[in-house]
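Please read the following alongside the sequence and the coordinates.

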Amino acid sequence: MAEYQIRRCDRQLEGGIHPETHKDLSTTEPCVFVDDPKRLVFPIHFSGGGPGEALVAVGDTVSQGTPIIKCQSGIIHVASRAGTVIDITDHAITHPSANQSASIIIEPSGLKEQSYLDPLVWPFDADTLRDRAIEAGILGLGGAGFPSFKKWSDGTQTLIINAAECEPYLTADDTLMRIDTHSMIRGACMLSRTLDIKTIVIGIEDNKPEALEAIEDALKESRSDCFFDIVLLDTKYPSGSERHLVWLTLGIEVPTGSRSVELGVIVHNPGTLAALSRAIDGKPITDRIVTLTGEALKAPKNVIAPIGTPINHLIEATDTSPSSLTSITVGGPMMGYAVTEFTAGITKTTNCLLARDVEIPPESPCIRCGACATVCPIRLQPQQMVFALKGGSLDLAVHEGLGDCIECAACNAVCPSHIPLAEWFRLGRFEARDQANEQRLASEARERFEARNARLERIAQEQEAKRAARKAKTADALEKARKAREQTA
Amino acid sequence: MIKRPDYPPRDTALVMRMVLIALIPGIVAMTVFFGPGVLFNLTAAVLTAIVSEALCLRLRQRELKPRLIDLSAVLTGVLIALALPQAAPWWLVIAASAASVILGKHLYGGLGQNPVNPAMLGYALMLISAPVAMTTLWINPLTTPDFLTAWSAFLGHSNDAVTGATTLDLYKTEFRALTATEASRNPLFTQAHLGFIYGYEWVALAYLAGGLWLIYQRVITWHTPVGLLTTLLVISAFFSFDPDTATPVWVHLIAGAGIFAAFFILTDPVSGATSPKGRLWFAIGVGILTYLIRTHGQYPDAIAFAVLLMNFAAPMIDHYTRPRIMGREASVKGPGGQS
């Protein structure tokens, strides 16, 4: 039995909101597998892990587990089902900032052909585990899709399992913790053993008693020598934000501009750890749990779906006709984004498809009531930032702290003027990054220019010196010759 | 502990409506003690505000409906009406209300754009333009006029028997020659139910109740009222070491617009400071200026001028009172950006 304790979090999230959670909508039905779709879509550049290149060609036959995309970060994405590559073309994709991109289309054959990796046998070192995570395509499955192996640095003291799942409607993590608890615990333990982590913290909101019970049962059976510190958090959005979770569970405030990794703390989503556990056994990520929910779906539930499954196939899995919906939210109502092209496939970071009819009231002018500032979990003054952004002053917004915004959209939820503050901030942050990039490129160009000037000058000087030396030598020789001539004369 | 409501999704119209609801106790108390003139003022001011708003929106070629149903113009009208003398003639009310909406708000771009409090701008403008009407037409709560007297006052025939200066003004003029004991023999004080000032005390209490409800509902925060009232209390208490020359503490707090302004005027989010600490400093500034102008200035009450002056200081206060952002060592102070 692994040692563990359950304690209530003794810190209070400053700001934040209590939105209706609507979690029961998708947790009353059991989690099921969906039938294989007719085709699977894998965006080459937007599957997570950065831009990539296709490892297969049209007409190739693939097995479940065959590498098909290699990303810049090294991450390899595999075919989630056996089948044939029928096309590599521009296709609708599931992504917040791109609608279409080059994608590999696979038609599943329905065969059970698998090409998995060899299981890793303990003991193995951290590098082996990193390589395995790359080959198995392990990304942060919570939504950000950050390549997990990059977080695994030596000197890590604490692993936090982010089981808060504070977004309303989302129950994918909750479901995973109920049905795949052992994998999650095993993944966490394996990672901790390899990186020599002593404490594993599980930050979980108190609205998931079933998951908590499952974790307790799993820990009682586990033979791990890690210490599990289970922290019960008040149900409040956004307690699952990485910065806030680190602060709530450990009391560490991650400084602006740094990541928790630099402080010896790594945070992982339960799904990521479960996937890691399977990767150690040789199975790359081919499926994930997706919450299909929202009032507009007839039978909301959680499903286990192959990566690349088109959205309309999943909508149909809830007995709902895709044509009855005009748009669907990928992710939760707070931080999700709308997708209107339902032929796009889900990616590893698609944790939820949310369909509901929300009427967005017309925007009215900001009256600076400050409700947004009161709920801002990092104490920004959103009303000032949006004022600056609307006035076109990006600098001022950055000065007010735009760079620190976590885009949680709590401000949106309370704004009496219905101003889409978070969208402004997303856009502003994007522009600020762009500007910083441009500045970096400009300064690099200047450096190059200056280096070139210096080099040219150096060459000129060297040539000058050489010339002078040659001149001196010639003069010397002439002098000698003249003297010799004089002597002979 | 009482479970306060969370921040529910509200819209501007609901916020305005809640403020209007919170004003009802104060309006009732004022009508009881100062007569039906209060209601005449309210009606005229609100109608003028709506007409001015519609006119300005039309001139600015904006949609009428969303701005009219958000009740912001109605609220401005109500606030200016409650700030005016209760026996004010109709033209004063209409001019004040129109000035508030047109000059105070739409000249700067309408809702959310005004640098100063519209109602206080209208009030200050009237105080300068019509000083006699603005200082002598206050009802003495001991002689509450009946409907007809109030109506004739509204039409411009004021009755000296029921009107006069405010209690605050009395301290500046008539009571100056008296000792504190002599002044306290005034029937306004001797007949007071609660031992403070007849009539005014109930009005203040009613506004306080409405204001506390707004804090409870999270429409306003405690910073503004606490800042203003504490500052007034501390300064006036400090100077009351000589009771014969100083205006008593409770007169400062409840005789003037103190409570009303603390909860309903200074809390105008558009023209005030925006961070919690900023709101506190803003209110403290208003408190200091109010005391100074009340004591050393020419005008009977000073909230309007104090608010207007502090409105201009609000952006600077905002620059220096940003809260510390999570993950940063210190808060960002001072102005920033290039534009």
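In this predicted model, Arg368(A) counts as buried because 23 C-beta neighbours fall inside 10 Å, where 20 or more are needed. The backbone of Arg368(A) is also worth a look: phi is near 55°, a positive value in a residue other than glycine. Most residues other than glycine have a negative phi, and most peptide bonds are trans. Arg368(A) is found in the loop that runs between strand E18 (352-354) and helix H9 (371-375) of chain A.

Tyr169(A) is not a glycine, yet its phi is positive, at about 70°. This residue lies between strand E10 (158-163) and helix H3 (172-179) of chain A, in the loop. Is Tyr169(A) buried or exposed? Tyr169(A) has 26 C-beta neighbours inside 10 Å and therefore counts as buried.

Chain A also has cis peptide bonds to consider. One runs from Trp122(A) to Pro123(A), with omega near 0°. Pro123(A) sits in the loop between strand E9 (100-108) and helix H2 (126-135) of chain A. Another cis peptide bond joins Tyr237(A) and Pro238(A), with omega about 0°. The loop that holds Pro238(A) is between strand E12 (227-233) and helix H6 (242-250) of chain A.

Strand E9 of chain A leads on to the strand pairing. E9(A) and E8(A) run antiparallel and are joined by nine bridges. In this pair, Val85(A) stands opposite Ile106(A) in E9(A). Strand E8 (residues 83-92) of chain A also pairs with strand E5 (residues 61-62) of chain A, again antiparallel, through two bridges. Here Thr61(A) stands opposite Thr84(A) in E8(A).

Next comes a helix of chain A. Helix H13 (residues 421-488) of chain A has 68 residues, and the distance from its first C-alpha to its last is 98 Å, close to the 100 Å expected at 1.5 Å a residue. How many of the 68 residues of H13(A) are buried? The count is five, and H13(A) is hardly covered. The buried residues are Leu421(A), Ala422(A), Trp424(A), Phe425(A) and Gly428(A). They pack against H9, helix H10 (382-390), helix H11 (394-399) and helix H12 (410-414) of chain A.

The contact takes 38 residues from chain A and 30 residues from chain B. On the side of chain A that touches chain B, the elements that give two or more residues are H9, H10, H11 and H12 of chain A. H9(A) provides the largest share of that side, four residues. By class, the residues of this side of chain A divide into 19 nonpolar, 13 polar and six charged.

Within chain B, a helix pair can be followed. Helix H16 (residues 276-296) and helix H17 (residues 303-320) of chain B pack at an angle of about 145°, and their axes are 9 Å apart. The crossing of H16(B) past H17(B) is right-handed. Residues in this contact include Trp281(B), Phe282(B), Val286(B) and Leu289(B) of H16(B), together with Phe305(B), Leu309(B), Met310(B) and Ile317(B) of H17(B). The contact of H16(B) with H17(B) has 14 nonpolar, three polar and one charged residues.

Definitions and conventions
Residues numbered from 1 in each chain as written. Chains lettered and ligands numbered in written order. Predicted model: local features only at pLDDT ≥ 70, side-chain atom pairs only at ≥ 80, totals over all residues. Buried ≥ 20, exposed ≤ 12 C-beta atoms within 10 Å, placed from the backbone. Pairing = 2+ DSSP bridges. Axes fitted to C-alpha atoms, helices over the stretch in contact; angles between N-to-C directions. Left-handed = near helix turned anticlockwise from the far one by under 90°. Contact = placed C-beta atoms within 7 Å. Nonpolar A, V, L, I, M, F, W, Y, C, P; charged D, E, K, R; others polar. Expected span 1.5 Å × (residues − 1).
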